[in-house]
Amino acid sequence: MKNFIIYASLLLCFLVSKVSAQETVKVSKEETTFEFRVKLIANKIEAITKEEKSALKAEIESVNKELEAGTITKEQADEKKLKFAEIRSKNIETRVGQAQEELKELVNQKVDGKIKDNREHFGIHFNWVNKNDSIRKSKGERRTTSQFVFAAGVNNLVTDKAVAHSDYRYWGSHFYEWGFTSNTRLFKNDNLLHLKYGMSVMYNNLRPTDNRLFVVNGNQTNLETSAVNLKDSRFRNVYLTVPLHLEFDFTKSKDKDGKKIFRTHESVRFGIGGYAGVRVKSKQKTKYELNGNDFSIKEKGDFNANDFIYGVSTYIGYKETSIYLKYDLNPLFKDNAIKQNNISLGVRFDLN
């Protein structure tokens, strides 16, 4: 019921902002299916973050009032603030994680061809248009636009400059990334070069082969064979990153009333750049059966993983969809004898 209310509210806001009662609209078939649904989930993620941050701000202000009134000590106030921050952080992680699963399922449906590109997909007919051409024109002339970015694909480690004969499952190891970017056209009268920058959350997952899991031995983190038969073994690292790309957008400019109109994401695009960020957390999850009972173990810690991440990335595609490649220049583990660097390949969606 709660998710229904969220979706209904977002849909209502979308209709109010986009629909004019006396005008007709033209909306692409893709927008009423895949892209439209992704935008709803993106709005949901943004709403969750704002809601939890607003609640945390109110809680901290309440604690400050207690401190000013002398009903609690500074140590007690700090303890309360930390507790509230942990609760809100956990709420964001859980609620955004649910939205991330929705995105994952949506992408899987798109790849499997289960999402039909027709207007009857939602059981209603859309006949929308922007309120007037001047709004579209104004949007097209903006030097800076913003996008919601979602990417997903396979993930692995490069060992001795190769991914062949990996210790990790090729299709079972995967990555997800979501975030928001700004896209600034660098030249006033030319649409080719853009600077793309923003913030993303990256989830890099590894699934070891041959019934193995990660074990910390001092400053070394090694793969070791499990004493029990594992149903699943997964190691996840989560990062908060700042990506920066130089983007070449081959969308042609259009002339209207003697003036050039520039659009983005309507033709072939190519981006090259990199990213830098911090590790938010590391977690290993194992599942196994013992004496007829199912067990699921979650281990949290640093696992000797690097606290910082930096790397290079590139993408090439058409309109909103691109093939996306990223490679960490620093190794996953700080002091392991064998250096292994994370590499990811997948599909990326940049949605205006």
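Student: Which element gives the most to the lining of the second largest pocket?
Tutor: In this predicted model, local features need pLDDT of at least 70 and side-chain atom pairs count only at pLDDT 80 or more, while totals for chains, interfaces and linings use all residues. Residues are numbered from 1 along each chain as its sequence is written, and side-chain values use heavy atoms, with hydrogens and water left out. At least two lining residues each come from helix H2 (34–69), helix H3 (74–111), strand E2 (174–187), strand E3 (190–206), strand E6 (230–249) and strand E9 (268–290), where helices (H or I, at least four residues) and strands (E, at least two) are DSSP runs numbered from the N terminus. With twelve residues, the element that gives the most is H3.

Student: What volume does the second largest pocket have, and which residues are the closest to its centre?
Tutor: On a 1 Å grid over the protein atoms alone, a pocket is an open set of points with protein on both sides within 12 Å along at least five of seven lines, a cavity is a set where a 1.4 Å probe fits but cannot get out, and lining residues have an atom within 4 Å of a point. Grid points are joined across faces, edges and corners, and a volume is the space filled by probe spheres set on the points. The second largest pocket has a volume of about 1200 Å³. Of the 35 residues that line it, the closest to the centre are Ile92, Glu93, Val96, Val201 and Tyr203.

Student: How many residues of the lining of the second largest pocket are charged?
Tutor: Ala, Val, Leu, Ile, Met, Phe, Trp, Tyr, Cys and Pro count as nonpolar, Asp, Glu, Lys and Arg as charged, and the others, Gly among them, as polar. The lining of the second largest pocket has eleven nonpolar and nine polar residues, and its charged residues number 15.

Student: Which residues does Leu103 touch, not counting residues up to four places away in sequence?
Tutor: A contact means heavy atoms within 4.5 Å. On that basis, Leu103 touches Val38, Ile41, Ile45, Phe148 and Phe150.

Student: How much space lies in the largest cavity?
Tutor: The structure holds two cavities of 30 Å³ or more. Among the residues lining the largest cavity are Glu177, Lys196, His245 and Arg348, and E2, E3 and E6 each supply at least two residues of this lining. By class, the lining has five nonpolar, three polar and three charged residues. The space in the largest cavity is about 50 Å³.

Student: Over which residues is the pLDDT below 50, or under 50?
Tutor: The pLDDT, the predictor's confidence in each residue from 0 to 100, averages 80 for the protein, and 80% of the residues score at least 70. One stretch with values below 50 is residues 1–32. The pLDDT also stays under 50 over residues 117–140.
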